[in-house]
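Visitor: I'm new to reading protein structures. Could you walk me through this one?

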Amino acid sequence: MLPRCLALTQLRGLQLSWCRLRAARLPQQRVTQTAGIHVAVPQAKEKRDGHVNTKLVPHAIFGGAKEKNKNTYLAAMDMFHEMTVHKRGHVEFIYAALREMENYGVHKDLEAYKKVLGVFPVGQMVSTNVFQVEFMHYPRQQNCAIDVLQQMEDNGVIPDLELRDQLITIFGKFSFPVRKLARMLYWMPKFRNQSPWLLPRPLPSELQQLAQLAVKQITSVDARSEVTTFTESDLPEDAVDSTWIVSGQSGQQRRLLEEHPSDKPLFVEGAYTVWLQDQAISYFVLRAEPQPQRQHEGLDSDDITYLENWTWRRARQAASSDSGGTAWNVRPPSVHIQEDGTIMAVCATGTSSRDSLLSWIRLLERQCPRLAELPVVFTLRSPETGVTTTDENPERGVTTSGGSARAEHRSDGAESRGAEREGGRKGEDGGESKR
């Protein structure tokens, strides 16, 4: 018994001495440069994970990138495999990679998501029985994979069969991430082209092209609408704000302007917001006051005697003696005549300022000279887009830009709204209008 205890004591002493020797050794480091990323990677021949702080790995990789693009992002994924052999801390690294995707511009790229899911170890987390399947074998890793798929779904990235096979090799065929991927494979292709206003993929980055798509989508209610883009050279000579203007108007709206009475003003209202996927565009409308709906007295809309002939837009002559034998020959209302007003035109400008809208009215007068005889009242509110504007107020002696300009614009618009309406009333009485 005594010799056995002495042998165990000597063995334990040897183990302590070996641990002290390993702790005294300093790990050598080498500088790795891949696609603009400079990271100091510990170089050890065996068990390199023991010398790497997994909490600092995401910061060391993504923080050292000089250029943020797809190539550097994919290189960062490959660098993680070099730094950690056993892939310790892969969950933290995946969450850090998801946060950096938008900064690198790969949040809508399927190949980047495949690289992120490739960080998971293969074959170690596959469920082998029904209990592991239902009780979520390796729950932290499966929830992490579900978060990756959820970010794909939020950005409209449709997975493919290769990604499904990749998840099966990682978690198994009946795991929760594979179930979610199956639902995405079924539903996302069905809703991909269901919108009546299909947008290019990817969306253009220029604001003018986005405004053209937005105005075209808004004016699609009338198939004869024309979308016109005015550049800086097309603006009037006395234009204060030099920017582009995208205008949408149909021939029927021009006829409505010709028939509009001269004693009733028109209103320029906005800014309203239309969304193109994840991009918000502000637009403005030229609106007239709502018209009273024409009532057809003595006619019952449920009476089949007055069925309308859709080819000639006329109704049959009434056979009943109550109506006196007259026909119901009334032109149907236009699609632009709504309950809250008549829409005369729609536009979007580069700065969403009052000066650009005034130039828009001048440009509409070239196409419809009747508009020059009508009073126009500007009832605007602060623009809701991210366009940075500069607002100079010489009376207050301050210059604001960005968000401060929006707040200043909102307060000035609220104070001047009553004055503009009084100007419109003066235009009705004395022939003067605030334009």
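Guide: Happy to, and please keep in mind that this is a predicted model. Let's start with Arg-254, which has a relative accessible area of 18%. Residues under 20% count as buried, so Arg-254 is buried.

Visitor: Which residue does the side chain of Arg-254 meet in a salt bridge?

Guide: Side chains of opposite charge can pair when their charged atoms come close. Here the N to O distance is 3.4 Å, and the cut-off for a salt bridge is 4 Å. The partner of Arg-254 is Glu-226.

Visitor: How many residues apart are the two partners, Arg-254 and Glu-226?

Guide: Arg-254 sits in helix 11 (residues 251–259), while Glu-226 belongs to strand 3 (residues 226–230). The pair therefore links distant parts of the chain, and the separation is 28 residues.

Visitor: Is Glu-226 buried, partly exposed or exposed?

Guide: Its relative accessible area is 43%. Buried needs a value under 20% and exposed a value over 50%, so Glu-226 falls in between and is partly exposed.

Visitor: Which parts does the salt bridge between Lys-114 and Asp-160 tie together?

Guide: These side chains meet at 2.8 Å, N to O. The two residues are 46 apart in sequence. Lys-114 lies in helix 5 (residues 110–117), and Asp-160 is in the loop between helix 7 (139–154) and helix 8 (161–171), so the parts tied together are helix 5 and that loop.

Visitor: Are helix 5 and helix 7 roughly parallel or antiparallel?

Guide: Their axes come within 11 Å and cross at roughly 175 degrees. Angles over 145 degrees count as roughly antiparallel, so helix 5 is, relative to helix 7, roughly antiparallel.

Visitor: How many residues in the contact of helix 5 with helix 7 are nonpolar?

Guide: From helix 5 come Leu-110, Tyr-113, Val-116 and Leu-117, and they meet Ala-145, Val-148, Gln-151 and Met-152 in helix 7. One of the contact residues is polar and none is charged, while the nonpolar ones number seven.

Key: Residues numbered from 1 in each chain as written. Predicted model: local features only at pLDDT ≥ 70, side-chain atom pairs only at ≥ 80, totals over all residues. Heavy atoms only, no water. Helix = DSSP H or I, 4+ residues; strand = E, 2+ residues; numbered from the N terminus. Buried < 20%, exposed > 50% of the residue type's maximum accessible area, 1.4 Å probe, protein only. Axes fitted to C-alpha atoms, helices over the stretch in contact; angles between N-to-C directions. Parallel < 35°, antiparallel > 145°, perpendicular 65-115°, else oblique. Contact = heavy atoms within 4.5 Å. Nonpolar A, V, L, I, M, F, W, Y, C, P; charged D, E, K, R; others polar.
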